[in-house]
Amino acid sequence: MATYVLPRALVVLALAGTVATAAAVPAASAAPRAGSHHSTQSTQSAHSATQDALDAIVRGGTPGALARADQAGEVWSGTSGVADLRTGRPRLPQDRFRIGSLTKTFVATVLLQVAAEPEYGLSIDDTVDKWLPGLVRGNDNDGRRITLRQLLQHASGLYDYIDDPEFRAKYTGTAFFTHRYDGATPEELVRIGLAHRPGFAPGQGWDYSNTNYILAGMVIEKATGNSYASEVERRIIRPLGLRGTTVPGNSSSVPGPHGRHYSKLSVDGPAARAYDVTDFNPSVSGASGEMISTTRDLNVFIRALLRGKLLPPAQQKEMFTGRDLGDGRTYGLGIRSQTLKACGVTVWGHSSHIPGSLTRTAATADGAHVLTLNRNSDWGDPDLEQAAVEAEFCR
């Protein structure tokens with residue numbers, strides 16, 4: 001692995017650039033294949049199955065799909081469909097998009113970096129209560145029994161605030177347009193989660209909960225004296241040169257080049273319409289999912305992480321020690337692994353689902369082969385996304 005550079009020495013919902021209306025957007029037509037970019041003819045041929053998988057995603061109803069693969073010094077970018085249903089503008093390799101829960105991988109990396117730096121006196125086996133005294137209480141929730149490691153690995157048992165019926169009702173159906181700019185503080189989101197009983201005792205199960213990462217962001221701020229967003233920028237975004245990556249906070253627009261983000265607002269059935277949900281306040285996702293990025297930046301980040309450039313060996317081992325979830329899947333600390341059934345290759349990364357955007361990043365354990373794909377919708381057959389990953393890594 002590459003040598004870890006001490007960060008001090010370097011010293012995971014939807015946004016847009018124009019105001020979206022509450023009107024439904026027109027249905028997608030059979031959008032043309034946009035093809036590959038920044039690659040030789042031989043590289044394009046090597047990724048033809050991945051391009052076919054992107055086209056299949058669009059045929060399945062997603063307005064547009066975008067992917068980038070980095071391997072052996074070569075870059076392949078593929079697009080299909082459109083970024084904007086009204087103008088027909090195609091998706092572009094440099095497009096920015098909401099990355100939802102891929103934010104969690106950034107947050108886990110920062111918290112592990114803090115744990116590696118003695119001046120903070122933080123261990124991932126500390127209790128939540130040590131850093132946020134008295135915050136996690138009530139309804140059998142107790143921060144004195146939950147560790148930071150359990151937050152990062154979704155083993156705390158804490159209820160996922162996103163599943164709260166009242167919270168969910170605000171962003172389902174056309175109610176979204178009433179509440180899209182409401183926003184929320186981390187404390188408010190934690191209170192929503194704590195209004196429910198835990199699903200299991202700390203460490204006695206596994207269940208994905210966004211509440212865990214809201215708390216992790218709060219711990220970063222308590223330990224460092226800076227917001228989690230500023231620490232992500234200082235420790236990861238600036239050192240790696242991730243020029244298309246931002247932590248928007250309360251900003252309701254996506255900066256720089258970007259396509260529109262489309263959602264059916266959790267309404268099922270063939271009559272469900274797609275709406276432009278690009279604009280909204282992503283603080284309701286916070287440290288669990290508010291970031292914006294590009295396929296290039298996500299590939300650079302995941303590759304650096306896998307190659308040991310962001311964490312020292314002890315913390316690297318902690319992050320990639322996965323909890324077995326069955327079916328060839330594990331969950332480490334803010335990162336997943338999956339053994340692909342089509343070829344037996346194991347890939348590491350994360351996936352995300354946020355209004356108007358679905359993203360998946362996957363990489364071989366040595367970081368030599370990395371893929372990020374995004375669709376500008378939050379519906380569609382997940383098997384099509386999986387097919388794209390298998391097409392890329394099983395060729």
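A salt bridge is a side-chain nitrogen of Lys or Arg within 4 Å of a carboxyl oxygen of Asp or Glu. The legends below describe a predicted model.

**View 1. A network of salt bridges.** Asp129, Arg137, Asp142, Arg144 and Arg145 are linked in a network of salt bridges. Across the model, the count comes to 20 salt bridges.

**View 2. Helix 11.** This helix covers residues 295-306. Its twelve residues reach 17 Å from the first C-alpha to the last, close to the expected 16 Å. Helix 11 is mostly covered, with nine of its twelve residues buried. Among them are Leu298, Phe301, Ile302 and Leu305. Gly308 follows the helix and has a positive phi, near 75°.

**View 3. The salt bridge of Arg296 and Asp297.** The two side chains meet at 2.8 Å, N to O. Arg296 is partly exposed, with a relative accessible area of 25%. Asp297 has 2% relative accessibility and counts as buried, because buried means under 20%.

**View 4. The salt bridge of Arg91 and Asp95.** Here the side chains meet at 4.0 Å, N to O. Arg91 is buried, at a relative accessible area of 3%. Asp95 is buried too, at 0%.

**View 5. The salt bridge of Lys341 and Asp327.** The closest N and O atoms of this pair are 3.0 Å apart. Lys341 lies in the loop between strand 12 and strand 13, and Asp327 in the loop between strand 10 and strand 11, so the pair ties together parts that are 14 residues apart in sequence. Both Lys341 and Asp327 are exposed.

Methods
Residues numbered from 1 in each chain as written. Predicted model: local features only at pLDDT ≥ 70, side-chain atom pairs only at ≥ 80, totals over all residues. Heavy atoms only, no water. Helix = DSSP H or I, 4+ residues; strand = E, 2+ residues; numbered from the N terminus. Expected span 1.5 Å × (residues − 1). Buried < 20%, exposed > 50% of the residue type's maximum accessible area, 1.4 Å probe, protein only.
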